[in-house]
Amino acid sequence: MKKLKVSAAVLSCFLLLSFLCACGARFGNSGTADAGEPATEPEEKLTVVGFSQVGAESDWRSANTESMKSVFTEANGYELIFEDAQQKQTNQIMAIRSFIQQEVDYIVVAPVTETGWDTVLQEAKDAGIPVIIVDRMVDVPNSNLFECWVGSDFELEARKMCEWLRWFCVKHNIDAKDIYIADIQGTIGASAQIGRTRGLKIAAEEYGWNIVAEVEGEFTRTKGYEATQQLLRKYPKMNVVYCENDNEAFGAIEAIEDAGRRVGSNIKAGEIMVLSFDGVKPEALQDVLDDSISCIAECNPLHGPRVEAIIQKLENGETPQKYEYVDEDVFSAYDQIESVIVDSKEYPITQVSEALIEKRRAEFDAGSYDEELPDNVY
Ligand code: GYE
């Protein structure tokens with residue numbers, strides 16, 4: 001009998017121990033060192049971010065992708081699910097749906113075009129997943145379908161550029177009616193295209209410039225080349241090629257030279273002026289210095305740290321600013337225009353120099369460049 005009692009006591013102890021062990025395993029790191037065992041450090045849970053990127057159409061886009069990838073790393077506490085949509089909205093919608101299925105913590109979208117997002121953003125909202133829009137905008141009936149947006153003021157970029165052109169014409173005694181501009185547009189329906197086209201149209205109307213053509217260039221070098229080649233045949237008077245990004249400008253320069261024409265700012269001497277946007281790659285700034293591109297309105301692609309700051313705010317229960325516009329420069333090698341004024345605000349024009357290009361080259365190779373360029377390189 002006594003033997004039986006002892007065995008029962010041993011058995012109860014064993015059962016109690018097993019129960020405690022099970023609890024320890026289940027509740028893992030909530031356990032303390034009371035049991036004599038040292039507490040294991042809690043494993044940090046990674047924040048899962050699904051990012052639907054437009055594609056890889058331009059140097060701007062590649063720099064943007066790099067910026068995002070360099071911030072959303074495991075070392076920084078993130079798991080990044082990156083989806084390249086190859087310029088197709090349907091791929092982006094599929095990616096967002098798969099992020100919802102995977103129950104990611106945040107969805108980040110760089111939308112290819114502005115419209116067509118209502119349904120899928122509603123699905124993300126219903127799933128309780130915050131959506132951050134980056135770069136281009138979405139045009140949705142209800143802005144509470146996304147948390148916030150960060151990117152550029154594309155129309156402002158265009159208006160700064162057009163003010164530069166206006167003053168260039170004034171300084172060189174070029175009559176507005178002798179300006180023949182072809183607009184090589186970006187992807188139709190993308191905010192960057194809409195804003196840059198609109199800014200040019202407003203200025204052309206105001207100053208009396210001729211816009212001879214608007215053609216789609218999809219933000220690529222190939223399309224920029226093809227479009228310019230055709231435009232040169234069709235509009236022999238064309239003397240300004242307004243490219244809605246640098247890659248189109250690279251293509252346009254090549255097409256102008258292949259056609260036996262000269263690229264440059266000296267319109268009066270028959271040169272064809274190329275204007276552009278982005279200024280991301282050092283080669284683009286070199287083209288400015290060489291007078292192959294007369295002016296670039298900068299477009300800043302380094303949104304990774306900005307998106308991360310937004311996510312941190314949301315994690316801390318704070319409300320990020322709904323719309324966050326980034327500051328951007330204007331680059332030119334022409335030293336007679338120091339600044340331009342748009343809507344009563346003055347914007348400096350940055351003189352491109354060898355030093356500035358070298359600095360950009362080093363930073364570009366390193367994967368990121370300074371937001372603020374120090375004064376001494378100008
Ligand atoms: O200017 C262009 C890219 O949306 C700001 O897209 C972006 C634009 C950028 O392909 O190079």
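1. Ala, Val, Leu, Ile, Met, Phe, Trp, Tyr, Cys and Pro count here as nonpolar, Asp, Glu, Lys and Arg as charged, and the others, Gly among them, as polar. On that basis the shell around the ligand has six nonpolar, three polar and five charged residues.

2. The model is predicted: local features need pLDDT of at least 70, side-chain atom pairs count only at pLDDT 80 or more, and totals for chains, interfaces and linings use all residues. Numbering starts from 1 along each chain as its sequence is written.

3. Ser58, Trp60, Ala192, Phe219 and Asn245 come nearest among the 14 residues around the ligand (near: C-beta atom, placed from the backbone, within 6 Å). Domain 1 (47-151 + 302-325) and domain 2 (154-300 + 328-377) each give at least three residues to the shell; the bounds come from an automatic or database domain assignment. At least two residues each come from α2 (59-71) and β9 (273-278), where helices (H or I, at least four residues) and strands (E, at least two) are DSSP runs, numbered from the N terminus.

4. Six strands form an open sheet in the order β2-β1-β3-β4-β5-β11, with parallel pairing (strands pair if DSSP finds at least two bridges between them). β2 (78-84) and β11 (323-325) are the edge strands, each pairing on one side only. Between β1 (residues 47-53) and β3 (residues 106-109), which run parallel, there are four bridges; Gly50 has Ile107 of β3 as its bridge partner.
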